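Colleague: I would like to learn how to read a fold from its overall features down to one residue. Can we take it step by step?

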Amino acid sequence: MSAGLKLANALRPYWRWVVLAPLLMMLEVAMDLLQPRMVERIIDEGIARLDLGLVLQTGLLMFGLAVIGALGGMSNGYFAESTAQAFGADLRERLFRKVQAFAFVDLEAIDTGQLITRLTNDVTQVQEALVLVLRILVRAPLLLLGSLIMAVLTSPSLAWLPLVLLPIELVAVVWLIQRVTPLFTRVQERLDALNQVMQENLAGARVVKAFVRAAYEQSRFGGANQHLTDDSIRAGRTVAVMPAFMMFTLNASIVAVLWFGGVEVSQGGLQLGQVIAFINYLTTALFSLIMV
């Protein structure tokens, strides 16, 4: 049975929350995608024509859309967290029962530190991953697709810019995933080793004191701790490259839109509000990749 199918079976008792959370996120994304069009209307129809009534009306509409989106986002967070916590409790109980059913040969083959990590840190990571699936991994694709569609509808003449910029970021994301996956696997192994040393020392504290092995055990723990620190820093440094590259791409895209959009405005092909709305949609599409 694949991991995805096992996860789906484990989430079956909470299927209502699992279905409702993405729907609420879709509501929030829809409200967010309407905001730049409202800004475009205020600039091109309200301010350009000195129509204060239209500005106030559109501003109130934007506020209402923001409230609806916020309620959808908060509700999504509530159901996502509720699902993750309930799922985590079930998972810990299943893991504990599985460990209790192990034969002696199984217990000898698996380090105690690994079991402790599986029951504590790993369950927490699975919970956090589930929250991300129900929030970010629902929001990011919807924002990406919706922003691209709205950008094309806002300004078809500038639609080629996302087609140039997004593949560059996509290649960078794929490269990052290929680089960091083995690094974080190594970090997990180091964490297992650290927990193993800690568990052995806590369980055998009297033996360590009786044989005056405190200095040796401190050195042993310090070595495991240092290995974990070094590998974590190496993985963190690799991940840290991506936000800087994304921000550079984002700023370059804004400059490009301002340049080419400014030419279109001067020639009468676009209005200022359209350029501003297009920038908002393009930056939203790029940020959706950063979410990944």
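**From fold to residue**

Modeller: Start with the secondary structure. The protein has ten helices and zero strands. Keep in mind that this is a predicted model.

Colleague: How do the elements run from the N terminus on?

Modeller: They run α-α-α-α-α-α-α-α-α-α. Next, compare the radius of gyration with the globule rule. The protein has a radius of gyration of 26 Å, well over the 19 Å that the rule gives for 292 residues, so it is more spread out than a compact globule. Along its principal axes, the C-alpha trace spans about 85 × 40 × 35 Å.

Colleague: How far apart are the mean positions of the positive and negative charges?

Modeller: There are 22 positive and 22 negative charges, and their mean positions are 6 Å apart.

Colleague: Now one residue. Is threonine 249 buried or exposed?

Modeller: Threonine 249 sits in helix α9, residues 214-266. Its relative accessible area is 5%, so it is buried, given the 20% cut-off.

Colleague: Which residues does threonine 249 touch, not counting those up to four places away in sequence?

Modeller: Leu165, Glu169 and Leu286. Within the helix range, look at the side chain too. A polar atom of the threonine 249 side chain lies 2.9 Å from the backbone oxygen of phenylalanine 245.

Definitions and conventions. Residues are numbered from 1 along each chain as its sequence is written. This is a predicted model: local features need pLDDT of at least 70, side-chain atom pairs count only at pLDDT 80 or more; totals for chains, interfaces and linings use all residues. Side-chain values use heavy atoms; hydrogens and water are left out. Helices (H or I, at least four residues) and strands (E, at least two) are DSSP runs, numbered from the N terminus. The radius of gyration is taken over C-alpha atoms; the globule rule is 2.2 Å times the number of residues to the power 0.38. Lys and Arg count as positive and Asp and Glu as negative; His and the chain ends are not counted. The place of a charge is taken as NZ of Lys, CZ of Arg, CG of Asp or CD of Glu. Buried means under 20% relative accessible area, exposed over 50%, partly exposed in between (1.4 Å probe, protein chains only). A polar contact is a pair of N or O atoms within 3.5 Å; within protein, one must be able to donate a hydrogen and the other to accept it, and residues adjacent in sequence count only if both atoms are side-chain atoms. Contact means heavy atoms within 4.5 Å.
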